[in-house]
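Let's take a walk through this structure together, from the whole chain down to single side chains. Keep the sequence and the 3D view open as you read.

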Amino acid sequence: MPLPILMLSRPARVARLVALAGVLALVSGALALGAHPVGHRIAAVALLATAAVAGVLAPLYGRAAGIGLWTARGGLALGAVALVLPDGRAMTALRIAAALVVLAGLGVVARGASRMGDLPPWACAAVGAGVAAALLAPGLGGGVVLGLAWLAIAAAIRATSPVPQLRAAPLAPALAQPSRR
């Protein structure tokens, strides 16, 4: 089931998935700040998690946003590959190209989000900035920006989703009757 449809039926689950992607990106940024040797690989996994949950950004209606979403996902996959390969001029150019492709795809998605029930356009801008930071500054903790963007989106989903009303439990029969003395 696609994430926009799942967001309508189960927004709390979608918010948890988005928050998980955010936590993964935060961990990758923290590892990069600590100069841990697996920091770039975890950043690549965080980009792939971003590609997996990017469907939550898509508006409910419109075809152009689907094209932009798949373009952004392709750029995220390209960026993940560029993070895993050894550093050099070619990989830096590939990361820049991947960031530009992601930003272009998310720009198309943001233009389609204008109806009630869609996430606001700032969500696409925040994820775009986070992806650019994660790709262009992976050793400086760019994943932290991406993680904070996803956590803000998870909070927005939670804030706008209806909270199920809990029914009050019936009182015990002895407590329900007035006391007779």
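Helices here are DSSP runs of H or I with at least four residues, strands are runs of E with at least two, and both are numbered from the N terminus. What you see is a predicted model, in which local features need pLDDT of at least 70, side-chain atom pairs count only at pLDDT 80 or more, and totals for chains, interfaces and linings use all residues. Residues are numbered from 1 along each chain as its sequence is written, and side-chain values use heavy atoms, with hydrogens and water left out.

Let's begin with the overall picture. The protein chain has 8 helices and 0 strands, so the pattern along the sequence reads α-α-α-α-α-α-α-α. Of its 181 residues, 41% count as buried, where buried means under 20% relative accessible area, exposed means over 50%, and partly exposed lies in between (1.4 Å probe, protein chains only). The chain exposes about 10200 Å², with carbon and sulfur atoms supplying 69% of that area; accessible areas come from the Shrake-Rupley method with a 1.4 Å probe, and for residues only the protein chains shown count as cover. Among contacts between residues at least 6 apart in sequence, 71% join residues at least 24 apart, a contact being heavy atoms within 4.5 Å.

Now find helix α4, residues 64–84. Its 21 residues reach 31 Å from the first C-alpha to the last, close to the 30 Å expected at 1.5 Å a residue; the expected span is 1.5 Å times one less than the number of residues. Its buried residues include Gly68, Leu69, Leu76 and Leu83, and the buried residues of α4 pack against α3, α5 (89–112) and α6 (121–136).

Leaving aside neighbours within four places in sequence, arginine 73 is in contact with Ala51, Ala52, Ala54 and Gly55. Valine 84 also has its place in α4, but is partly exposed, with a relative accessible area of 39%.

Step back to the loop between α3 (39–53) and α4, where tyrosine 61 lies. Tyrosine 61 counts as exposed because its relative accessibility is 53%.

Next, look at a helix pair. Two packed helices are described by the angle between their axes and the distance between the axes. α5 and α6 pack at an angle of about 175°, with their axes 9 Å apart. Axes are lines fitted to C-alpha atoms, for helices over the stretch in contact, and angles run from 0 to 180 degrees between N-to-C directions. Residues making the contact include Val102 and Leu106 of α5 and Val127 and Val131 of α6.

Finally, turn to helix α7, residues 142–160. Its 19 residues should span 27 Å at 1.5 Å a residue, and its end C-alpha atoms are 28 Å apart, which agrees. Among the buried residues of α7 are Leu146, Trp150, Ile153 and Ile157.
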